[in-house]
Amino acid sequence: LVMVFYGSNGKSSLVSMENKVEHQAKNQITYDIHLTSDLGMLYKVRFGFQSLENSKSQLFLCQLKMQNTSTLDTFSLTINKTLPLSLNGDRWIEFPVEWPLKEALSVVPYHLTVLSRNILSGRNLVHMTACIYGTHGDTGERSLLWSLQNVQQREDNESFLVTMEAVELGELDKVVLSISSETDCKLDVKKLHLKEAVKEYPIYVFEVNEAFSLDANKPEIQREIPLSFVIRGDKQKNDIDNNLHKEESQARNLTEYTVKVFTGDKRGAGTDANVHIILFGNEGKSEAFQLSRSLDHQDPFERGKVDTFKIKTKKLGSLHSIEIGHDGKGFASGWFLEKVEITDASSNSVYCFNCNR
């Protein structure tokens with residue numbers, strides 16, 4: 001048995017389950033595992049047989065429990081599955097690591113459709129695996145010819161579907177394909193289609209378009225196939241287009257205002273409180289903006305100083321008034337405001353609002 005751990009700092013190599021702890025309970029085995037590097041916060045574990053060669057045995061797994069001996073973080077999982085998942089079948093089980101108050105990834109069945117020629121006729125002698133990579137890691141090597149579904153054979157091409165379970169991979173970006181054969185033959189792989197089984201879209205398309213010449217006496221051929229394109233589906237594509245148009249439209253209707261705030265030159269005029277402003281025009285009013293990042297001073301609203309702020313909001317037309325105030329926080333929060341000058345970038349108009357209080 002071996003395990004692969006995935007964390008925020010990367011993934012481990014294959015960790016062999018060899019170091020058994022003494023005094024085992026019935027039907028329970030404890031192993032000590034030492035990782036060579038700190039993987040950060042674990043989010044996924046893959047568990048299974050290192051190899052299926054020369055082995056016809058099966059193992060029924062009830063439960064798995066892990067504990068970090070340094071931090072005492074403990075995680076347990078009910079499995080109730082037999083490895084391999086079928087005779088000569090998938091040798092891996094993946095599961096997410098769940099942390100308190102943190103949303104875990106979920107286990108997803110993926111559909112991989114292979115469009116090819118000549119593979120199905122000699123599938124008992126051909127070995128073909130795929131490792132799928134995404135933003136949340138990879139699936140490890142998975143056999144493609146052990147459980148085929150939806151097999152279709154025509155004169156010039158063929159296709160077959162493989163289902164594999166993995167912790168969700170996020171956005172897919174590449175597939176590493178490995179092919180070998182027990183006899184000399186030529187296999188033509190056209191493309192791979194990948195999607196989540198429960199969703200119609202998106203479909204990730206990986207163009208292969210290669211004829212593999214296999215030799216029984218030579219090692220397997222491996223190819224890294226980058227993502228070619230993604231089929232989003234009409235509804236999803238329309239949603240994306242509509243959102244883009246909406247964002248572009250909103251961006252076109254936004255106006256930048258330059259707000260200059262003049263603090264009076266009197267004793268105790270400055271403030272450390274949080275200052276906000278609302279603009280009112282003949283076409284509407286803005287949301288409340290907190291004036292926290294002055295372009296002139298790291299510590300805004302000090303005695304006798306002018307602070308400049310940039311804000312973006314919908315077009316308000318001609319400004320006629322403002323609301324400006326603070327939350328009263330901090331020692332001696334009282335503030336003497338002399339005036340506020342606002343420049344509308346769209347019309348280059350300058351508005352002055354005197355306060356002097």
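## Basis of the description

Because the model is predicted, local features are reported only at pLDDT of at least 70 and side-chain atom pairs only at pLDDT 80 or more, while totals for chains, interfaces and linings use all residues. Residues are numbered from 1 along each chain as its sequence is written, and side-chain values use heavy atoms, with hydrogens and water left out.

Strand β5 (residues 59–67) and strand β6 (residues 74–83) pair in the antiparallel sense over 8 bridges. Strands here are DSSP runs of E with at least two residues, numbered from the N terminus, and two of them pair if DSSP finds at least two bridges between them. Gln67 has Thr74 as its bridge partner in β6. Between the two strands of this hairpin lie 6 residues, and Leu72 takes a positive phi near 65°.

## The largest pocket

The largest pocket has a volume of about 1,600 Å³, and among the 42 residues that line this pocket, those closest to its centre are Tyr31, Leu64, Lys65, Met66 and Gln67. A pocket is found on a 1 Å grid over the protein atoms alone, as an open set of points where a 1.4 Å probe fits, with protein on both sides within 12 Å along at least five of seven lines; lining residues have an atom within 4 Å of a point. Grid points are joined across faces, edges and corners, and the volume is the space filled by probe spheres set on the points.

The largest share of the lining, 9 residues, comes from β5, and β1 (2–7), β4 (42–48), β5 and β6 each supply at least two residues. By class, the lining has 23 nonpolar, 13 polar and 6 charged residues, where Ala, Val, Leu, Ile, Met, Phe, Trp, Tyr, Cys and Pro count as nonpolar, Asp, Glu, Lys and Arg as charged, and the others, Gly among them, as polar.

## The largest nonpolar core

The largest nonpolar core has 33 residues, and those with the most contacts inside it include Met128, Leu177, Ile179 and Val189. Such a core is a set of buried Ala, Val, Leu, Ile, Met, Phe, Trp, Tyr and Cys residues joined through side-chain atoms within 4.5 Å, and buried means under 20% relative accessible area, exposed over 50% and partly exposed in between (1.4 Å probe, protein chains only). Among the strands that each supply at least two residues of this core are β8 (107–117), β13 (158–167) and β16 (203–214), and the largest share, 5 residues, comes from β16.

Leaving aside neighbours within four places in sequence, Val189 is in contact with residues including Met128, Leu177, Ile179 and Phe212, where contact means heavy atoms within 4.5 Å.

Ser159 has its place in strand β13, and it counts as buried because its relative accessibility is 11%. Beyond four places in sequence, Ser159 touches residues including Thr113, Val114 and Asn150.

In the loop between β8 and β9 lies Asn118, which has a positive phi of about 75° although it is not a glycine, and which counts as partly exposed at 38% relative accessibility. Pro202, in the loop between β15 and β16, is joined to Tyr201 by a cis peptide bond with omega about 0°. Asp215 lies in the loop between β16 and β17, and its C-alpha atom is separated by 6.5 Å from that of Thr183, 32 residues apart along the chain.

Terms used. Helices (H or I, at least four residues) and strands (E, at least two) are DSSP runs, numbered from the N terminus.
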